[in-house]
Amino acid sequence: MSRPRFAFPRIGDIIWAGSESHAGNDTTMPKRILSGVQPSGKVHVGNYFGAIKQHIALQELPDVERFYFIADFHSMTTIQDAATLRSYVQGVAVDYLALGLDPQRSVFFRQSDVPEVTELAWMLSTVTGMGLLQRAHSYKDKIAKNITPNVGLFYYPVLMAADILIYKADIVPVGHDQVQHVEMTQDMAGYFNETYKTKVFVRPEAKLSDTPKVPGTDGEKMSKSYGNTIDLQSDEKELKKVIMSVKTDSTPVDQPKDPTTDNVFALYSLFSTEDEKTALAARYRAGGMGYGDAKKLLLEKVIAYFADYRKRRTELLARPEFVDEILLDGAQRARKVARQTLNDAKFACGLM
């Protein structure tokens with residue numbers, strides 16, 4: 001099957017600082033970057049600036065291979081309704097493509113379309129101690145909250161390690177909450193290589209986003225679980241309602257305000273140039289401007305920034321078979337790499 005031709009322009013001005021390759025001493029090999037996203041509902045401003053924007057930006061780096069997958073296996077620890085999962089997977093695929101991911105320059109696929117990853121996860125589990133998994137923050141947090149975790153949640157770091165190691169990824173862009181899982185992946189790679197006296201697996205390194213915490217409408221970190229998100233696909237009426245509800249302090253209109261502590265200004269800064277931020281900060285400090293005016297400026301920015309995205313999203317939603325073709329093509333390309341790594345691992349431990 002020939003690759004589908006699809007290349008929408010990017011949204012916004014995106015900048016990424018590259019990293020050194022960690023693929024041994026072979027400097028001729030292109031760096032390989034991998035990241036996964038769980039399908040968990042509508043994409044919001046925090047998702048975009050925290051991860052998606054960086055993923056799109058990486059397409060501009062030369063001599064870099066990019067693998068991005070929709071982590072539908074991982075989502076099964078919390079989503080246990082078939083129609084919901086299918087809808088969420090389709091939504092994530094459409095959003096990434098509408099925001100500028102180019103399947104000609106990145107391998108984009110569903111995790112479950114590469115079954116080799118589950119084989120490798122089992123192999124890694126046989127050299128991984130229970131103690132390592134019991135120290136996982138995601139598992140410990142559930143225990144602390146008296147929530148009974150399922151086996152999938154406990155096993156999550158092993159599957160994530162397989163996701164990373166099967167593509168021999170050098171760099172894994174993650175948020176702070178996922179750094180531990182990359183470190184556990186490093187441990188598992190070492191356990192396997194040491195146990196079987198092999199060098200099958202590359203040591204991956206985490207790459208943190210330079211974007212500061214994106215505040216939600218209540219000032220806490222923007223998250224679906226907090227119900228404080230600004231969703232990208234909302235229409236103008238919905239966006240206005242949400243943005244005008246952003247939490248601020250009670251400083252009177254005529255009084256000076258501190259832009260460095262204001263949620264509206266923090267959100268506005270994500271969408272604006274340095275000159276625009278400087279100008280708005282001066283208006284804050286001078287007094288005479290209410291938070292309502294600042295919210296209107298923010299609303300204008302959000303609407304303009306994601307206007308092209310909303311148009312392209314509508315076009316893609318009308319072509320579900322095209323989106324599915326892109327994911328299947330990506331899976332075929334991903335499986336070529338995954339199968340070779342799995343065969344190497346099987347040979348190392350005597351399964352071949």
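Biologist: How do you know that the length of helix H8 agrees with its number of residues?

Modeller: The expected span is 1.5 Å times one less than the number of residues. For the 17 residues of H8 (residues 179-195) that rule gives 24 Å, and the end C-alpha atoms are 24 Å apart, so the two agree. This is a predicted model, where local features need pLDDT of at least 70, side-chain atom pairs count only at pLDDT 80 or more, and totals for chains, interfaces and linings use all residues. Residues are numbered from 1 along each chain as its sequence is written, and side-chain values use heavy atoms, leaving out hydrogens and water.

Biologist: Which residues of H8 are called buried?

Modeller: Buried means under 20% relative accessible area, with a 1.4 Å probe and protein chains only. Among those in H8 are Val-182, Met-184, Met-188 and Phe-192. After the helix comes Lys-197, with a positive phi near 50°. Across the chain, buried residues make up 49% of the 352.

Biologist: What makes the chain as compact as a globular protein of that length?

Modeller: First, its secondary structure: 14 helices and five strands, meaning DSSP runs of H or I with at least four residues, or of E with at least two. The radius of gyration is 22 Å, close to the 20 Å from the globule rule for 352 residues, so the chain is as compact as a globular protein of that length. The radius is taken over C-alpha atoms, and the rule is 2.2 Å times the number of residues to the power 0.38.

Note on methods
Buried < 20%, exposed > 50% of the residue type's maximum accessible area, 1.4 Å probe, protein only.
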